[in-house]
Amino acid sequence: MKDLLRLYRYVLRYPARVLASIVFGVVVAGLGFVNLGALLAIFEILFPGKNSPEHWSRLAESVPGWLGPLQPGLSWFFGEFVPGHRLGALMIVCGALVALSVLLAAARFIQEYCSRYVGVHAGRLLSLDLHGRMLAQSGGFFTEARVSQSVSRFTNDISAVALGLSTLFGKVIREPLRF
């Protein structure tokens with residue numbers, strides 16, 4: 001537990017990057033969910049279950065309330081625009097899907113960058129700490145233990161810690177929220 005707290009101390013030196021990684025991980029998961037909704041809208045436009053205006057008005061009323069300010073525009077889109085302009089509606093939804101995909105890619109890039117930044121820099125701080133402790137050892141330590149084995153072990157352990165931190169602030173945060 002002591003070692004984990006020391007590693008936590010290294011990570012806390014980069015609070016903005018850790019927070020950005022967490023926030024953009026949630027954004028990536030949310031945009032993935034929105035992309036599914038856009039695909040559903042495409043299928044509803046191309047293959048409507050019913051062609052009646054009542055079907056489209058029911059779909060417009062079923063827009064979730066958590067969308068808040070977007071709800072009137074989406075209600076108008078599905079209630080009034082789609083029934084008369086299927087091709088135009090399809091082009092709008094496909095354009096929105098492309099824009100969401102670009103936004104998703106940008107958010108994923110920022111999240112991956114921040115998580116790897118934290119992992120690499122925390123690994124660097126750990127490396128400086130470990131090498132400082134190694135240099136503080138007595139001369140007898142170096143006659144008993146081979147230096148190459150110690151340096152190799154430090155390098156491998158630090159790489160594993162950096163990869164673990166990148167994964168923790170990357171996929172471990174993002175993937176449970178995705179569907």
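Is cysteine 114 buried or exposed? I looked this up before anything else. Cysteine 114 is buried, at a relative accessible area of 6%. I note that the model is predicted.

**Entry: cysteines**

I moved on to cysteine 94. Its relative accessibility is 32%, so I logged cysteine 94 as partly exposed.

**Entry: overall make-up**

I counted elements next. The protein has eight helices and zero strands. Read from the N terminus, the order is α-α-α-α-α-α-α-α. I checked burial across the 179 residues of the protein, and 30% are buried. Residues 24 or more positions apart make up 75% of them.

**Entry: helix H7**

Which residues of H7 are buried? I listed Ser150, Phe154, Ile158, Ala162, Leu165, Ser166 and Phe169.

**Entry: nonpolar cores**

I opened the largest nonpolar core, which has 15 residues. Tyr10, Val11, Val118, Leu165 and Phe169 touch the most other members. Helix H1 (2-11), helix H5 (86-135) and H7 each supply at least two residues of this core. H5 gives the largest share, six residues. I also found a second, separate core of eight residues. Its members include Ile42, Phe81, Ala89 and Val93.

I went back to valine 118 for its contacts. I left aside its neighbours within four places in sequence. Valine 118 is then in contact with Val11, Tyr14, Arg17, Val18 and Phe169.

**Entry: glutamine 111**

I looked up glutamine 111, which sits in helix H5. Why does glutamine 111 count as buried? It counts as buried because its relative accessibility is 0%, and the cut-off for buried is under 20%. I then asked what surrounds this residue. Leaving aside neighbours within four places in sequence, glutamine 111 is in contact with Ser21, Phe24, Gly25, Phe169, Gly170 and Arg174. Phe169 is also on the contact list of valine 118. Glutamine 111 and valine 27 are 84 residues apart along the chain, and their C-alpha atoms are separated by 9.2 Å.

**Entry: salt bridges**

How many salt bridges does the structure hold? I found two.

One joins arginine 116 and glutamate 112. Their closest N and O atoms are 3.3 Å apart. The two residues are four apart in helix H5, so about one helical turn separates them. Arginine 116 is partly exposed, at 49% relative accessibility. Glutamate 112 is buried, with a relative accessible area of 19%. I noted the cut-off here: buried means under 20%.

Aspartate 129 and arginine 133 form a salt bridge as well, at 3.4 Å from N to O. Both residues lie in helix H5, four residues apart, about one turn of the helix. Arginine 133 is partly exposed, with 46% relative accessibility.

Definitions and conventions. Residues numbered from 1 in each chain as written. Predicted model: local features only at pLDDT ≥ 70, side-chain atom pairs only at ≥ 80, totals over all residues. Heavy atoms only, no water. Buried < 20%, exposed > 50% of the residue type's maximum accessible area, 1.4 Å probe, protein only. Contact = heavy atoms within 4.5 Å. Core = buried A, V, L, I, M, F, W, Y, C linked by side-chain atoms within 4.5 Å. Salt bridge = Lys/Arg side-chain N within 4 Å of Asp/Glu carboxyl O.
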